[in-house]
Amino acid sequence: MPDIWFFIEVLVGGLLSGIMYSLVALGFVLIYKASSVFNFAQGAMVFFAVLTFVGVMELGLPFWAALPVAIGVMVLVGMATERFVLRPLVSQSEDTLLMATIGLSFVIEGVAQLAWGVDVRNLDLGIRDEPINWVMDKTGMLISQLDITAGIVASVMVASLALLFSRTKVGRGLRAVADDHTAALSIGIPLKHIWMLVWATAGVVALVAGMLWGARSGVQFALVWVALKALPVLIIGGFTSVPGVIVAGLLVGASEKVVEVYIGPKFGGGVEVWFPYVLAVLFLLVRPEGLFGEKIIRRV
Amino acid sequence: MNVAVKSAADRPAATGAGPILAVKNIEVIYDHVILVLRGVSLEVPQGGIVALLGGNGAGKSTTLKSISTLLASERGAVTKGSIEFRGERTDQLTPGDLVGMGMVQVMEGRHCFGHLTVEENLITGAYTRPIRGAELRDALDKVYAYFPRLKVRRSSLAGYTSGGEQQMTAIGRAMMAKPNMLLLDEPSMGLAPQIVAEIFEIVRDLNQKEGVSILLAEQNTNVALKYADYGYILESGRIMMDGPAKALADNKDVKEFYLGMSSEGRKSFRDIKSYRRRKRWV
């Protein structure tokens, strides 16, 4: 296989796994935009969502019935979070909200394991994590079907969310709420509905991300740590930008794979584990608001 | 205590129907322990401009937030008394309900949405109204007619505009809800006297041309009494005095305590401070 095909294979593999990071990061961005809080519980939500999905399927429901059930459950989680965690904390500082989400993550992790047990489960989406044959025949590249599917799903999701934010009344209301809860309340934007909607949407995004990750690495507690991979993506892309996390996800995915393959051996491998964080630190130094994050407005 | 005698004739003139807003003897407690308002009553007649005056911590903002029910999100609660807007009790209503009924509060410190453009700020003001397209355009043009400066700045992020422009954005945003009553909290705060005058002129215009009733909380007693018809003076959570704006502006105590004048004419700021330390109403 010529070198250039190998490079493209590495690059495409990286880009596609990057999309999966983006998908996880997207959940963070949604909630950060609406509640200006770093949702510590996002990883737990990913875990809980996909565990619910698998659990429901084990009860005998087919895929197409289990999906709406899992979505319904995540919407309920979103509503409950608004009612019992956020509503009592309206107008409190962002630190308070952050602490609340840390607490929430423990609750969700606990409930998930209480309800569905602690076993590692397999999730079969009917899409195999195997190379696509005709690509392999033509070019010799190994590109996974699952990666391609994840890429398409994530793209659709991202496009619809971007439209929601920029074009709709709800999207504008959501950005207003993100800027200033109390002011949004004062002009009659129903905070409750916006928060409920956002947390439910973040729950659904978590479900999709969890399904794709779970199909690859099994549905297990370690999914909680997928959220850690989203952190550099968020820093690079900007906490408030949907397109930002997409680009950053691709950047992180592609660069970590390329670096691992070409420079990794010089360091004895394992570069992809820490490379994204180094990249994130560099971004913090040079462009703290991220690639597309909202500028930090400071009037003097 | 030296409180001006109130007579029925001094009350704000009611035009036909009852007042648009009636606050009756409310007590407000924050966090279950901090007593902030102790028996505040006031009325805003249909189409009137009423000023709520007083120093820092007198309870002006709290009074406005009790009326708009924004108080609930700050852990405050009206524990006694009642508030009626257009004859309806507001204790079970949310700020959103009240915006729907036509009452909008413009909060102290402007509170524009910094990351939205000026125009987007205005559009969010119409969130409770089912308008779009041409109707929305008309509503925007109306705001721009009152605040031509906003039209020039419409595509700038509100966070980058000047203090005066932010105050205009905040008032314009409230207008987008098509209110019949505005609660303005310290519109003069941190602004140059010229801008303050500009904003108050527009507020008076709104009142006269659109028939919007206005309740205005101000520390700038001088300006507020110039534009208001009626005033209430609040100190330590109580109404200490009320009367027509002219009568208040001429009152000896008001002059001394709030306008920095005494019977011997204007005093230096330094003297006033020490004087106020010795002698106050409460």
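**Reading a predicted two-chain model**

Me: I'm looking at Asn25(B), which is found in strand S1 (residues 21–30) of chain B. What is the phi of Asn25(B), given that it is not a glycine?

Reply: Keep in mind that this is a predicted model. Asn25(B) isn't a glycine, yet its phi is positive, at about 55 degrees.

Me: Is Asn25(B) buried, partly exposed or exposed?

Reply: The cut-offs are under 20% relative accessible area for buried and over 50% for exposed, with partly exposed in between. Asn25(B) comes out at 47%, so it counts as partly exposed.

Me: And what about Asp31(B), where is it found?

Reply: Asp31(B) is in the loop between S1 and strand S2 (34–44) of chain B. With a relative accessible area of 41%, Asp31(B) is partly exposed.

Me: Pockets next. How much space lies in the largest pocket?

Reply: The general idea goes like this: rolling a probe the size of a water molecule over the atoms shows where empty space is left. In this model, the largest pocket holds about 830 Å³. It is lined by 35 residues, and the closest to its centre are Thr69(B), Ala72(B), Ser73(B), Thr94(B) and Pro95(B).

Me: Which elements give two or more residues to that lining?

Reply: Helix H9 (191–217) of chain A does, together with strand S4 (76–85) and helix H2 (95–101) of chain B. S4(B) supplies the largest share, eight residues. By type, the lining splits into 14 nonpolar, 13 polar and eight charged residues.

Me: Last one, helix packing. At what angle do H1(A) and H10(A) pack?

Reply: For a pair of axes, 65 to 115 degrees counts as roughly perpendicular. Helix H1 (residues 3–35) and helix H10 (residues 226–237) of chain A meet at about 80 degrees, their axes 8 Å apart, so H1(A) and H10(A) are roughly perpendicular to each other. Residues making the contact include Tyr21(A) and Phe28(A) from H1(A), and Lys229(A) and Leu234(A) from H10(A). That contact of H1(A) with H10(A) has 10 nonpolar residues, no polar ones and one charged.

Terms used: Residues numbered from 1 in each chain as written. Chains lettered and ligands numbered in written order. Predicted model: local features only at pLDDT ≥ 70, side-chain atom pairs only at ≥ 80, totals over all residues. Heavy atoms only, no water. 1 Å grid on protein atoms, 1.4 Å probe; cavity = no way out; pocket = protein on both sides within 12 Å on 5 of 7 lines; lining within 4 Å. Points joined across faces, edges and corners; volume = space filled by probe spheres on them. Helix = DSSP H or I, 4+ residues; strand = E, 2+ residues; numbered from the N terminus. Nonpolar A, V, L, I, M, F, W, Y, C, P; charged D, E, K, R; others polar. Axes fitted to C-alpha atoms, helices over the stretch in contact; angles between N-to-C directions. Parallel < 35°, antiparallel > 145°, perpendicular 65-115°, else oblique. Contact = heavy atoms within 4.5 Å. Buried < 20%, exposed > 50% of the residue type's maximum accessible area, 1.4 Å probe, protein only.
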